[in-house]
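Open your viewer and get ready to pick residues by number. We will go from stop to stop, selecting as we go.

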Amino acid sequence: TLIATGGIKYLWSNSDTRSITNVSPQTTTTYKVTVTDNAMCAAMDSVMITVNPSPQIDAGPSYITCEGDTRTLQ
């Protein structure tokens with residue numbers, strides 16, 4: 001959730017026009033917002049959301065077991 005304050009009009013780079021916008025980027029993305037106040041003065045700011053890669057996991061080799069089998073995983 002990204003929040004901008006201080007104005008009466010908002011325009012985010014994702015086209016949202018509310019002061020609060022919800023984002024879920026899949027890659028690192030910079031979002032910009034332009035805020036306009038009562039005097040029609042505008043200011044812009046930006047925020048970068050960094051998306052880290054998913055961790056690689058390895059639980060070892062796969063095994064097929066039948067009911068009643070026991071196996072110790074190492």
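Select Asp 16. Asp 16 sits in the loop between strand 2 and strand 3 (20–21). Strands here are DSSP runs of E, at least two residues long, numbered from the N terminus. This is a predicted model, in which local features need pLDDT of at least 70 and side-chain atom pairs count only at 80 or more, while totals for chains, interfaces and linings use all residues. Residues are numbered from 1 along each chain as its sequence is written, and side-chain values use heavy atoms, with hydrogens and water left out.

Is Asp 16 buried or exposed? Asp 16 counts as buried, at 13% relative accessibility. Buried means under 20% relative accessible area, exposed means over 50%, and partly exposed is in between (1.4 Å probe, protein chains only).

The side chains of Asp 16 and Arg 18 make a polar contact at 2.8 Å. Such a contact is a pair of N or O atoms within 3.5 Å; within protein, one must be able to donate a hydrogen and the other to accept it, and residues adjacent in sequence count only if both atoms are side-chain atoms. Leaving aside neighbours within four places in sequence, Asp 16 also touches Tyr 10, Leu 11 and Thr 21. Contact means heavy atoms within 4.5 Å.

Move to strand 2. Tyr 10 and Trp 12 form its covered face, and Lys 9 and Leu 11 its uncovered one. In a regular strand, side chains alternate between the two faces of the sheet.

Next, show strand 4. Strand 2 and strand 4 pair in the antiparallel sense over 4 bridges. Two strands pair if DSSP finds at least two bridges between them. Find Trp 12: its bridge partner in strand 4 is Val 33.

Which residues make up the largest nonpolar core? Select Leu 2, Ala 4, Tyr 10, Trp 12, Val 23, Tyr 31, Val 33 and Val 35, 8 residues in all. Strand 4 (29–36) and strand 2 (9–12) each give two or more. Strand 4 gives the most, with 3 residues. A nonpolar core is a set of buried Ala, Val, Leu, Ile, Met, Phe, Trp, Tyr and Cys residues joined through side-chain atoms within 4.5 Å.

Finish at strand 5 (residues 42–49). Strand 4 and strand 5 pair in the antiparallel sense over 8 bridges. Thr 34 has Met 44 as its bridge partner in strand 5. Of the 8 residues of strand 5, the number buried is 0, so strand 5 lies largely in the open.
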